[in-house]
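Work through each exercise first, then compare your steps with the solution.

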Amino acid sequence: MRVSINEIMAMKANGERIAMLTAYDYTMATLVESAGIPLILVGDTLGMIMLGNDSTIPVTLNDIIHHTRAVVRGTKKALIVADMPFMTYQVSIEEAIRNAGRLMQETGCQAVKLEGGEWMADTIASIVRCGIPVMGHLGFTPQSVNIFGGPRVQGKTEESAAQIIRDAQALEEAGAFAIVLELVPQELAAYISERISIPTIGIGAGPDCDGEVQVLHDILGMYPDFTPRHTRRFAEVGTAIKTAIEGYIAAVHDSSFPTAKQSSHLDPKVLALLKAEDEG
Ligand code: KIV
């Protein structure tokens, strides 16, 4: 059985912190789950990490479906959340429901995530009414990067902080089971986490959220283009991969790989017959 949204919500009630990571493919999802992560996000950051775009905007529903299927195949226990891409839920509630439904039916994920505050509350309530769990996303919402003018901390003024608090309350009332708080001041994240009963999952929001989400390739040191200030490299996997590949190239060049150990062998009698045929 997979982790349920009720178990995730109970973690907050029990004071148990929630560690969440992104994964975009079968192999990484297998590793992430085997390390003990209960909640995996197939984020639209795959647009940058997997596809080399400079934002999440070009990611399509089919991209998310393709990658979420692989993550679902690589896991048995984790709750898989699929991100709803730009313009798959903003145009109308009907489209949002249809696209959230496609994600659930075509991938086997257990929940969807979408960005936006009060103005998204009706959409979230409608999706939840259809039986689809929704994770919200507030603060810096990357699909609006062109409005924000870059990945900037949100909620620094009284007015904007009050709006994010209202947004969080609206999402809770709409039935969201958790909310990602991205790039908001630590004190605001702490205040919201106290005020609402559903878990807050921070990223660049300080240590006082109920949980934390990070982009897997950032914490592994695998994404060369950009290292956000809010991340920490827990390994230098990118360097390890490069070193391994350099070793492979050198071994091919100096003929130390492959060896007889990595080969299959012909029965000497068959070889002798072949040679005899050739000579005769
Ligand atoms: O798409 C993503 O990976 C995200 C996280 C950064 C929260 O939304």
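**Exercise 1.** Find the volume of the largest pocket and the residues nearest its centre.

*Solution.* Step 1: the largest pocket has a volume of about 1,200 Å³. A pocket, on a 1 Å grid over the protein atoms alone, is an open set of points where a 1.4 Å probe fits, with protein on both sides within 12 Å along at least five of seven lines; lining residues have an atom within 4 Å of a point. The volume is the space filled by probe spheres set on the points, which are joined across faces, edges and corners.

Step 1: 47 residues line this pocket, and Glu182, Ile203, Asp218, Pro228 and His230 lie nearest its centre. Two or more lining residues come from each of β1 (18–22), α3 (46–49), β6 (178–182), β8 (211–214) and α10 (216–219). Here helices (H or I, at least four residues) and strands (E, at least two) are DSSP runs, numbered from the N terminus.

Step 2: β1 gives the largest share, four residues.

A note on the model: it is predicted, so local features need pLDDT of at least 70 and side-chain atom pairs pLDDT 80 or more, while totals for chains, interfaces and linings use all residues. Residues are numbered from 1 along each chain as its sequence is written, and side-chain values use heavy atoms, leaving out hydrogens and water.

**Exercise 2.** Where does the ligand sit, and which residues surround the ligand?

*Solution.* Step 1: the ligand sits in the largest pocket (more than half of its atoms lie within 2 Å of the pocket's grid points).

Step 1: the residues around the ligand (a heavy atom within 4 Å) are Thr22, Leu41, Gly43, Asp44, Thr45, Asp83, Lys113, His137, Val180, Ile203 and Val213.

Step 2: look for polar contacts (pairs of N or O atoms within 3.5 Å). A polar side-chain atom of Asp44 is 3.0 Å from a ligand oxygen atom, and for Lys113 the distance is 3.0 Å. For an N or O atom in the side chain of Thr45, the distance to a ligand oxygen atom is 2.5 Å.

Step 3: the protein covers 98% of the 260 Å² of accessible area (Shrake-Rupley method, 1.4 Å probe) that the ligand has on its own.

**Exercise 3.** Describe the second largest pocket.

*Solution.* Step 1: its volume is about 390 Å³.

Step 1: 22 residues line the second largest pocket, with Gly117, Gly139, Thr141, Phe148 and Asp167 closest to its centre.

Step 2: α8 supplies the largest share of this lining, four residues.

Methods: A polar contact is a pair of N or O atoms within 3.5 Å; within protein, one must be able to donate a hydrogen and the other to accept it, and residues adjacent in sequence count only if both atoms are side-chain atoms.
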